Amino acid sequence: MSAPITALPPSLESALSQMLGPVGMLVDASDTAPYTRDWRLLYEGRCAAVLRPADTGELARIVALCAEHDVPIVPQGGNTSMVGGATPDASGRAVVVCTSRMNRIREIDPHDLTMVVEAGVTLKAAQDAARNAGLMLPLSISSEGSAQIGGVIATNAGGNNTVRYGNARELMVGLEAVMPDGSVFNGLRRLRKDNTGYALRQLLAGSEGTLGIISTVILQLQPQPRSRELALCAIADASAALTLFGAFRAQDPSAIQAFEYMSGVGMALVTDLIDGATLPLSEPAAAYVLVELASARADDSIRTLMESVLGDALENGLVIDAVMAESESQVASLWRLREEHAEAQKRAGANVKNDVSVPVSRVPALIERATAACEALIPGIRVAPFGHLGDGNIHFNLVQPEGMDPAAFLARDHDIMDCVCAIVHDLDGSFSAEHGVGQLKTYMMPEWRGGAELETMRRIKQAIDPRGIMNPGKIFPAAAS
Ligand code: FAD
Ligand code: MLT
Ligand code: ZN
């Protein structure tokens with residue numbers, strides 16, 4: 001047995017390297033570094049090795065071996081977590097298990113409207129495969145080029161089309177996962193109805209890698225829309241956005257594919273900091289809505305609907321100005337204005353994110369009250385909320401005041417998050433709408449989910465992962481010593 005090169009027990013290290021080889025097992029710091037930092041650069045961990053199984057068999061073997069040696073495992077997909085969920089801690093004891101090599105699209109069935117994909121397939125690749133088959137995977141997030149199906153299900157991702165089709169959990173028909181003892185739970189059944197005990201696949205969706213590693217997923221597809229309309233609207237505020245949402249919903253709720261809210265501050269950061277991002281309206285506004293309508297019918301009913309609702313709204317002043325996309329490139333450039341918000345805020349300086357949700361009717365109150373509270377907390381703070389208004393999900397994100405020391409701003413992150421979340425709590429909302437808890441928000445769990453809820457979650461975790469090797473430090477606050 002060669003000299004150990006990792007912090008792993010030598011017998012485990014040699015078993016893993018024999019099984020995985022140099023492609024499947026990364027140990028050099030330069031190779032493992034990208035896997036130990038999160039997208040927001042909030043966390044930097046260390047790991048004993050990065051393991052990249054080629055299939056479910058290798059993945060099961062890895063987990064069984066790690067369980068035998070009580071070695072913690074951090075499951076990782078595209079590493080686009082916004083809450084540090086896929087980043088190991090600083091101990092260097094854990095292995096990162098990345099699914100990127102498990103990237104086959106196994107089958108698309110046009111009758112069942114399903115696709116069978118491995119966990120390492122990116123969301124974008126899955127969308128493209130569905131489109132090439134004349135169908136649609138109705139899940140869209142700005143990180144879809146990197147986010148992987150396993151991570152998308154593990155976080156129960158939401159995104160732009162949740163308003164019409166639901167979150168990732170609702171689009172997941174079947175699932176296979178490797179459990180913390182290395183056994184394989186095969187729930188790959190493409191059944192609309194299957195009431196045979198606890199729905200384990202639903203428990204694994206949203207479990208953020210703390211209950212098992214998702215290896216294969218069956219996703220529900222939709223017919224490819226044959227008519228689609230997209231419009232960007234300038235509005236006065238979130239109340240106007242809510243009224244406009246109501247106007248479209250009153251006409252045809254099933255037509256609303258996406259209804260995204262953006263603040264004037266956020267849009268200005270995009271047009272200032274993102275190359276080629278320009279505002280196709282006569283002048284900037286205090287807020288905007290991007291609305292997409294679609295239908296499987298190849299007629300002009302969607303265009304008529306868009307024109308009639310927007311026509312009335314422009315006439316009664318609800319909408320100040322609007323532009324409808326007239327080509328695929330205009331569709332892409334309008335969506336880019338929305339999808340580049342996260343990147344623009346990253347470039348603008350230190351920023352604190354609040355991925356929160358409230359009942360849809362209370363979105364205006366949230367934005368109004370949280371804006372006033374944050375501006376009082378840190379004068380000059382740039383308040384740049386945007387998000388999935390149709391779901392009541394707002395990314396109430398704050399960018400540091402111009403000229404402020406980024407570290408000093410970030411040092412106030414809990415003050416800012418608590419300030420915003422106190423208002424969310426008062427509005428009966430959630431402190432994490434779609435990004436999950438990860439390691440960033442564990443401190444909020446006792447206050448928001450304490451008592452029977454958190455205790456039951458701990459019991460489920462203890463029952464399924466008694467050794468506690470699955471993604472330690474995520475979801476659950478450190479147990480009171
Ligand atoms: P990772 O970041 O690798 O992991 C996320 C979590 O899932 C971690 O806890 C990890 O341990 C666990 N995990 C990963 N793979 C597996 C697996 N196979 N089995 C079990 N656990 C696993 N999210 C939204 O919901 N909506 C959005 O609109 C959205 N927009 C975003 C925009 C940007 C620019 C960025 C950077 C992120 C955005 N996100 C959004 C957050 C993120 O992209 C999602 O949470 C996504 O689902 C994570 O997928 P991933 O493959 O990158 O997972
Ligand atoms: C998005 O919807 O683009 C992300 O979830 C938002 C974020 O950056 O907070
Ligand atoms: Zn989002």
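Predicted model: local features only at pLDDT ≥ 70, side-chain atom pairs only at ≥ 80, totals over all residues.
Ligand 1 sits in the largest pocket. Elements contributing two or more residues to the shell around ligand 1 are strand β3 (73-76), helix α5 (149-154) and strand β10 (213-220). Of these, α5 supplies the largest share of the shell, with 4 residues. The residues around ligand 1 number 35, and those that come nearest are P75, G77, G78, T80 and S143. By class, the shell around ligand 1 consists of 12 nonpolar, 21 polar and 2 charged residues.

T80, listed among the nearest residues, places an N or O atom of its side chain 2.6 Å from an oxygen atom of ligand 1. For G85, the contact is made through the backbone, where an N or O atom lies 3.1 Å from an oxygen atom of the ligand. The backbone of G209 also takes part, with a polar atom 3.4 Å from a nitrogen atom of ligand 1. Taken alone, ligand 1 exposes 970 Å², of which the protein buries 97%.

Ligand 2 is surrounded by M82, S142, R338, A342, K353, F386, H388, H395, N397, E434 and H435. This shell divides into 3 nonpolar, 5 polar and 3 charged residues. Among the surrounding residues, K353, N397 and E434 were examined for their polar contacts with the ligand. In the side chain of K353, an N or O atom is 2.8 Å from an oxygen atom of ligand 2. The side chain of N397 has an N or O atom 3.3 Å from an oxygen atom of ligand 2. A distance of 3.3 Å is also found between a polar side-chain atom of E434 and an oxygen atom of ligand 2. Ligand 2 taken alone exposes 270 Å², and the protein buries 92% of that area.

An open sheet is formed by 3 strands in the order β16-β21-β18, and the pairing is antiparallel. Strands β16 (351-352) and β18 (382-383) are the edge strands, each pairing on one side only. Strand β21, which comprises residues 398-399, pairs with β18 in the antiparallel sense over 2 bridges. Across this pairing, R382 stands opposite V399 of β21.

The protein buries 97% of the 970 Å² exposed by ligand 1 taken alone, and 92% of the 270 Å² exposed by ligand 2 taken alone. The shell of ligand 1 includes 21 polar and 2 charged residues, whereas that of ligand 2 includes 5 polar and 3 charged residues.

How values were computed
Residues numbered from 1 in each chain as written. Chains lettered and ligands numbered in written order. Heavy atoms only, no water. Near = heavy atom within 4 Å. Polar contact = N/O pair within 3.5 Å; in protein donor to acceptor, adjacent residues only side chain to side chain. Areas by Shrake-Rupley, 256 points an atom, 1.4 Å probe, with all protein chains shown as cover. Nonpolar A, V, L, I, M, F, W, Y, C, P; charged D, E, K, R; others polar. Pairing = 2+ DSSP bridges. 1 Å grid on protein atoms, 1.4 Å probe; cavity = no way out; pocket = protein on both sides within 12 Å on 5 of 7 lines; lining within 4 Å. Sits in = over half its atoms within 2 Å of the grid points.
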